[in-house]
Amino acid sequence: GLFVTDYFTRTPRKLSPFRSFASIELFHFHIPEDTVIAVWNLITFKEQGGTFGDQCPDRSITVYFRSGAPSVINPLHTHFPRDTAVPGSFELTLTWTLPNRTTGVFNVTSPLPGDWFLAAHLPKDEGKISVKGLYEECQYLFQPQLIVQRLVNIAVLYPGHVIEQSMAPHNRSCLYKVFVPSYTSQVLVEVLRCRGAEGCPLWLRVRAKAPPLHNSTALDCREHAPCQLVLDLPFWQHWYYVLVEKHPGVLGTVSFQVTVQLTDCSRPSLARPPFLPSSASMNMPHSFGSAGGLALGDSLPTSPNGTKHLVSITSPSGERCWPIRPTLRNELDTFSVHFYIFFGPNVSVPPDRPAVFVINLLPVLDSGGVLNLELQLNVSSLCGENVTVFGCLNHEVPLTSGDNASVTCETEHLAGFLFSVNTTASLSRLRIPYPQTGSWYLSLRSLCATHHGFEPCTNVTAEVYLRAYLSPCINDCGMYGQCKLLRTNNYLYAACECKAGWNGWGCTDNAEAFSYGFQLLSTLLLCLSNVMFVPPVAIAVRSHYLLEAAVYIFTMFFSTFYHACDQPGIVVFCIMEYDVLQFCDFLGSLMSVWVTVIAMARLQPVVKQASAGRGRVLYLLGAMLLSMALQMDRHGLWNLLGPSLFALGIMAVAWTARTIRRRHCYPPTWKRWAFYLCPGAMIAAAAVLLYAFVETEENYFYIHSIWHLLIAGSVGFLLPPRAKPSRRLGPLPRRKGCGYQLCVNEQEELGLVDPAVASINSICTS
């Protein structure tokens, strides 16, 4: 055949350590139909500070592959919520082959067409809290590339039509495909009139959705005559691929005929006609894309020798399919969809036949949520009988066995989800995270329990309450989790982010959960540690630093209530919105540093005040600049270092000027250095080191509490004492006028006394 190669790539993304599914990087690909091989080239490289990260440690990268929906992964081996079905996926771990780059390859032969999803993450780390911008972080970038090779012009088989084929010696196989519409209960593929050098040295292989593999359903035509391959309960609305290949070592030409028969279960006494007026009658796509492909309304295709063949099709007796009741889709929000049953939600399940319902999930849009089913039995409708209602949920085809006493939900080629309700357990739930899109069929059957097992009931119609809906997360992630709506390019999906030590897909695994006492203790430590600001407030008030005292009170208040609102568990108290509390806490912390250092500088009044009664210029300027910086990047390193270094620079200039003017070190006394400045600076440095290098997620509650104590304690040491007013007044120049020398009171000239009571010391004549 003719092959076409397609190439797809995605932008490199930074990988994160795994904490929950919200921390993974998800990539979405689409594989076209008739693809025979798909090759993923997985490129990973390190970066540090904009260059290659040769010094970064090697960290393994785990990649997951799944067709139809994102992978449901569990690398931490946590417990899933009850009644949750976990679909499987492929997993691959990448190791490093070069210092800063590695490449992995993942091949899939005859992949299923449609959506494919890749999920990648780093191993879980120790949870260190690093200050943004303190050092160059090692980044691990991941870029997947996809190369697919697909066949074009695959010959199409029409039900009831025979194609003659002659396989030349240099050819090893012939590939065909046939479309299976809805309400098809059986597909029969047959090889006729096979002639070769050694009888019929052919293998017949059939597979749904993609070309057959070595482990697909197969039949050795040399050992079976006639060479017929029967598939019961095929997937509806899909292509089936038929591969006829030679046995190894067979030489010469092999000629044969291929035909396909489809059994219509909606008309058990009839079979699929060899052709229909139009392709819409079989819900078959109008375009096939094959070399000799014709619409069903056209004349029948001819075999290579120009002849036409028709085969009469008979349906096996007793095969039929039951009516399928549709559901009404009601979209409430993103991943919030309810499927209403007509004349429901109460459903009657008769004893002689199953009740079948269909739930249609839209492609791409619905695969990022959770499909939920709830089945509740109305015990009063059983009339005292021991009735069990079994539910079987299958993808793309309803599984209704002819044996009404069967309780299985799987066949050789199909596997569904089985759940049941009875008089003892009248409620049953089923949750499927990240379900595959398409049609899901729910079959309900009622059976009576006897000493010999389950048997069909007689004259008992069970009534059940059925609820089907799509939700973003399982139970909205419970009390200890947050359901987050995530996006990768144009694909939306939801995932839980757990807190307070809870883990799992629905935040229900409490193996490492914080107890209530631990949550209360951590909250009290983080909040009550701010009481340490009371001594600095008292010192500031006593020293007449009223503006500084107001800033310390502001910091103490908002830090207390911010940490009361920032707790991960249930011991939470918020007086305002979280963002407002966080902004005020950060602003108060930085303003405390700013006003303390400016107060230590002891600037002259002409610098500190614009005019009498006006606010202090540097304080106001600092507040405005800090507010702007926090709005730009609240967690940046320079938000703390920038204002601190600027204030320290002002203090250094002021102290140096005083030292030069007085020709003596400032502050002048050694006691000030030994008992106040050095201890305060050491306490502040210890606080900064703890905050920057020691703090992790596990020790946050007590390390950050120590940070509060140290910062507040350093303020009490560093705040300068009250400035003593100078009693020495310099002489004022004498003013002369009209031949008189006026002797004016100097206190009145300085504005220190009321001019109305000021006395003139002397009026002297010149």
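Colleague: Where is R663 found?
Modeller: R663 is found in the loop between α7 and α8, where helices (H or I, at least four residues) and strands (E, at least two) are DSSP runs numbered from the N terminus. This is a predicted model, in which local features need pLDDT of at least 70 and side-chain atom pairs count only at pLDDT 80 or more, while totals for chains, interfaces and linings use all residues. Residues are numbered from 1 along each chain as its sequence is written, and side-chain values use heavy atoms, with hydrogens and water left out.

Colleague: What is the phi of R663, and is the residue buried or exposed?
Modeller: R663 is not a glycine, yet its phi is positive, at about 55°. With a relative accessible area of 78%, R663 is exposed; the classes are buried under 20%, exposed over 50% and partly exposed in between, using a 1.4 Å probe on protein chains only.

Colleague: And which peptide bond is cis around P667?
Modeller: The bond joining Y666 and P667 is cis, with omega about -5°, and P667 is found in the loop between α7 (638-662) and α8 (670-694).

Colleague: What about A225 and P226, and where does that proline sit?
Modeller: The peptide bond from A225 to P226 is cis, its omega being near 0°, and P226 has its place in the loop between β16 (217-220) and β17 (227-232).

Colleague: Back to backbone angles: what is the phi of D34, and is D34 buried or exposed?
Modeller: D34, although not a glycine, has a positive phi of about 65°. The loop between β3 (25-31) and β4 (35-48) holds D34, which is buried at a relative accessible area of 11%.

Colleague: Switching to helices, how far apart are the end C-alpha atoms of α6?
Modeller: They are 23 Å apart in α6 (residues 617-632), which agrees with the 22 Å that its 16 residues should span at 1.5 Å a residue; the expected span is 1.5 Å times one less than the number of residues.

Colleague: Which residues of α6 are buried?
Modeller: The buried residues of α6 are L618, Y619, G622, L626, A629 and L630. Seen down the axis of α6, they fall within an arc of 95°, so they line one face of the helix; the arc is that of the directions from the helix axis to the C-beta atoms. An α-helix has 3.6 residues a turn, so residues three or four places apart point the same way.

Colleague: What does the face of α6 turned away from that buried side carry?
Modeller: That face of α6 carries the exposed residues L620, Q631 and M632.

Colleague: Which residues does UniProt list for "transmembrane region"?
Modeller: The unreviewed UniProt entry lists residues 513-533, 545-564, 580-601, 613-630, 636-657, 673-694 and 700-719; positions are in the numbering used here, feature names are shortened, and annotations may be inferred rather than shown by experiment. In the model, residues 580-601 are 100% helix and 0% strand, with end C-alpha atoms 31 Å apart. Residues 700-719 are 95% helix and 0% strand, and their end C-alpha atoms lie 28 Å apart.

Colleague: What does UniProt give for residues 496-507, and how far apart are the ends of that span?
Modeller: The unreviewed entry annotates residues 496-507 as "domain: EGF-like". Its end C-alpha atoms lie 7 Å apart, and the span is 0% helix and 25% strand.

Colleague: How far apart are E396 and W236, along the chain and in space?
Modeller: E396 and W236 are 160 residues apart in sequence and 6.0 Å apart in space, C-alpha to C-alpha. E396 is in the loop between β26 (387-395) and β27 (417-421), buried at a relative accessible area of 9%.

Colleague: And what separates E697 from E126?
Modeller: Along the chain they are 571 residues apart, while the C-alpha atoms of E697 and E126 are separated by 8.1 Å. E697 lies in the loop between α8 and α9 (700-718), and at 42% relative accessibility counts as partly exposed.
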